[in-house]
Amino acid sequence: MTTTVPAQRTVLERFPAGHPRGSWPADEYAAAQRAQGTDARVVMDLTSDQFLVVTDTTAQ
């Protein structure tokens, strides 16, 4: 039986979901992070009603 270690997410930045431009600021920030070599993506946190820009880091 093999065991996998789940990935940990690191939140790089938070953006309010009620922003007039929606997720665009989060998408732009994530794109800038990717341009600098960080594998960033946008996820929605329903509990806090925010768009989060996250990167996956392996747990050690």
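Asp56 counts as partly exposed, with a relative accessibility of 39%, where buried means under 20% relative accessible area, exposed over 50%, and partly exposed in between (1.4 Å probe, protein chains only). The structure is a predicted model, in which local features need pLDDT of at least 70 and side-chain atom pairs count only at pLDDT 80 or more, while totals for chains, interfaces and linings use all residues. Residues are numbered from 1 along each chain as its sequence is written, and side-chain values use heavy atoms, with hydrogens and water left out.

The protein chain holds one helix and three strands, arranged along the sequence in the pattern β-α-β-β; helices (H or I, at least four residues) and strands (E, at least two) are DSSP runs, numbered from the N terminus. Of the 60 residues in the protein chain, 20% are buried.

Three salt bridges are present in the structure, a salt bridge being a side-chain nitrogen of Lys or Arg within 4 Å of a carboxyl oxygen of Asp or Glu. In one of them, Asp56 pairs with Arg9, their closest N and O atoms lying 4.0 Å apart, and this pair links distant parts of the chain, since Asp56 belongs to strand S3 (residues 50–58) and Arg9 to strand S1 (residues 7–16), 47 residues apart. Arg9 is exposed, at 52% relative accessible area.

Asp56 also forms a salt bridge with Arg41, at 3.4 Å between the closest N and O atoms; here Asp56 in strand S3 is joined to Arg41 in strand S2 (residues 40–45), 15 residues apart.
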